[in-house]
Amino acid sequence: MAINTKLELRQTHNLVMTPQLQQAIKLLQLSNIELAGFVDGELERNPLLERADSDEPNGAADELPAAAAAKEDGADAPGDGSADGADGDDGDWVNLETGNDTGRTDDLDAEPQDMFPDAESFTPGVIKDSGWSGLTQGPRADIDEGANLEAYVAEEKTLRNHLSEQLVLTFADPARRLIGHHLIDMTDEAGYLRGELDALAELLGAPLDLVEETLTVMQGFEPCGVFARDLRECLTLQLKEQDRCDPAMAALIDNLHLLAAHDLVALKRAARVSDEDLCDMIAEVKRLNPKPGLKYGTSPSQPIVPDVLVRSLPDGSFHVELNSDTLPRVLVNQSYYATVSKSATRKQDKSYLVDCLQTANWLVKSLDQRARTILKVAQEIVRQQDGFLTYGVRHLRPLNLKTVADAISMHESTVSRVTANKYMATNRGLFELKYFFTSAIAATSEGDSHSSEAVRHRIRAMIDAEPAADVLSDDKIVERLKGDGVDIARRTVAKYREALGIPSSVQRRRLKRIALGASA
């Protein structure tokens with residue numbers, strides 16, 4: 001077998017995921033909040049990047065022309081005392097340049113030392129030595145821009161802190177305090193006790209009776225219902241606080257599974273009360289708080305800012321535009337790069353500047369490409385779902401990623417990344433872009449298929465309009481939908497109904513009978 005060497009030339013096509021391409025793909029699927037955080041990090045790391053927004057307030061440039069116009073009007077107006085003003089005594093303004101303010105002291109009803117009684121104590125030396133030296137420099141004082149203003153905001157009290165404060169005031173025994181702190185550690189954010197008392201007693205080497213006594217006392221802490229081990233105990237603690245835990249109410253709490261199943265007949269039999277009393281008891285239970293701990297330390301909800309704005313035009317069409325508030329504006333400071341590159345002598349410094357310049361240029365291009373792609377996908381979605389925007393949910397069409405991708409000559413994965421975590425504000429409300437992509441349900445005839453979201457909307461509308469004497473079963477809903485041209489199975493109707501949180505026809509019939517009996 002002969003072994004020899006030879007030279008071959010091959011041509012192949014490979015997709016290379018460069019760092020710039022990975023960055024563009026990453027930016028495409030970020031939400032506007034995540035994108036703002038990413039851009040802020042790049043601004044900190046890259047000295048050649050800067051925000052395109054102007055930091056100077058808009059009113060600053062308008063104040064000077066207004067002041068100049070007022071000065072010209074005052075100089076040209078006849079009989080306004082401008083001749084006296086030339087002598088430095090205009091009666092209205094103090095000559096700040098010469099420091100001549102003697103003309104104003106005669107108009108005051110008090111002496112300067114009476115108006116500022118502590119003025120003598122603020123000597124230049126004292127001010128310089130204090131932390132208020134910036135006050136002597138006027139409105140452009142040297143303020144520490146790195147100060148965290150959020151550090152001065154009042155801290156929101158958490159459930160743990162609230163319970164710890166009550167623990168210190170309730171128990172003086174160190175052993176009970178130690179048990180109480182461990183019980184607080186075992187409490188979740190909703191106020192429920194997670195863990196076994198036997199394990200806690202074994203861990204601390206304390207008698208189980210002492211742990212249970214401590215828990216009983218701490219179950220009286222605010223908010224009422226904390227340290228409960230299940231929902232039944234949580235509601236019972238709140239009812240005892242209101243002195244409403246009578247035998248009938250206790251029987252109702254012991255049979256919460258019947259209440260969840262809307263089996264009001266068996267529940268009335270267990271509580272031994274009338275229909276009217278049962279309705280009042282159920283209403284009273286609904287007013288209780290099943291998660292009392294959530295009223296402390298809850299994080300504020302973040303409002304959703306739409307990425308795309310859609311507004312209707314007089315001719316019936318729709319105008320699609322990007323929300324400029326969600327688009328970070330960054331620029332590459334070419335002048336700064338030219339200045340710094342001239343003074344850079346070492347090879348490492350020049351390489352660093354070149355890398356920063358390339359990264360900055362790629363970031364600007366990636367942001368621009370991201371905005372163009374989002375706008376293109378949003379425009380195609382609006383074109384496909386114009387019936388929904390004009391007439392409502394019943395006219396929502398079935399749509400998938402491939403249809404949009406083929407229409408705009410993009411890949412399905414790109415469209416999927418664009419629609420992730422993006423929102424569109426329309427005349428019908430605020431929707432996530434993925435909301436417009438629904439599966440199709442075939443029609444009974446040769447007509448167009450129906451959107452699953454539109455079918456769910458029809459099911460809800462039918463059930464909301466049903467009378468108490470004729471509650472619609474799933475079979476009746478199927479018959480009505482087939483009469484409207486929707487070919488759907490009964491199990492699909494049941495699945496959609498359960499996803500909407502609507503009980504079965506038997507449970508709805510019981511609830512409506514109870515409601516009619518209470519109203520009568």
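These are my notebook entries on what I looked up in the predicted model shown above.

**Ground rules.** I worked from a predicted model, in which local features need pLDDT of at least 70 and side-chain atom pairs count only at pLDDT 80 or more, while totals for chains, interfaces and linings use all residues. Residues are numbered from 1 along each chain as its sequence is written, and side-chain values use heavy atoms, with hydrogens and water left out.

**Overall make-up.** I looked up the secondary structure and found 25 helices and eight strands in the protein chain, where helices (H or I, at least four residues) and strands (E, at least two) are DSSP runs numbered from the N terminus. Of the 520 residues, 32% are buried; buried means under 20% relative accessible area, exposed means over 50%, and partly exposed lies in between (1.4 Å probe, protein chains only). I noted that 60% of the contacts between residues at least 6 apart in sequence join residues at least 24 apart, a contact being heavy atoms within 4.5 Å. The chain exposes about 34200 Å², of which carbon and sulfur atoms supply 51%; accessible areas come from the Shrake-Rupley method with a 1.4 Å probe, and for residues only the protein chains shown count as cover.

**Salt bridges.** I found 23 salt bridges in the structure, each defined as a side-chain nitrogen of Lys or Arg within 4 Å of a carboxyl oxygen of Asp or Glu. Glutamate 42 pairs with arginine 45, with the closest N and O atoms 2.7 Å apart, and both residues lie in helix H2 (residues 32-45), three residues apart, about one turn of the helix. Glutamate 42 counts as buried at 10% relative accessibility, whereas arginine 45 is exposed at 53%.

A salt bridge also joins aspartate 254 and arginine 232, with the closest N and O atoms 4.0 Å apart. Because aspartate 254 lies in helix H13 (residues 247-254) and arginine 232 in helix H12 (residues 231-241), this pair ties together parts that are 22 residues apart in sequence. Aspartate 254 is partly exposed at 48%, and arginine 232 is partly exposed at 38%.

I then looked at arginine 456 and glutamate 453, whose side chains meet at 3.0 Å, N to O; both lie in helix H22 (residues 452-465), three residues apart. Asp474, Asp475, Arg490 and Arg497 are linked in a network of salt bridges.

**Surface patches.** I took patches as residues with over 30% relative accessible area and no salt bridge, like charges being joined within 9 Å and nonpolar side chains (Val, Leu, Ile, Met, Phe, Trp, Tyr) within 5 Å. A negative patch is formed by Glu196, Asp198, Glu202, Asp209 and Glu212, and the elements giving two or more residues to this patch are helix H10 (197-204) and helix H11 (208-218). Asp and Glu count as negative, Lys and Arg as positive, and His and the chain ends are not counted; the place of a charge is NZ of Lys, CZ of Arg, CG of Asp or CD of Glu.

Leu15, Met17 and Leu21 make a nonpolar patch of about 300 Å², and leucine 21 is found in helix H1 (residues 19-28).

**Phenylalanine 437.** I placed phenylalanine 437 in the loop between strand E6 (429-432) and strand E7 (440-441), where this residue counts as buried at 17% relative accessibility. Leaving aside neighbours within four places in sequence, phenylalanine 437 is in contact with Ile381, Leu399, Asn400, Leu401, Val404, Val415 and Thr419. The C-alpha atoms of phenylalanine 437 and proline 398 are separated by 6.7 Å, although the two residues are 39 residues apart along the chain.
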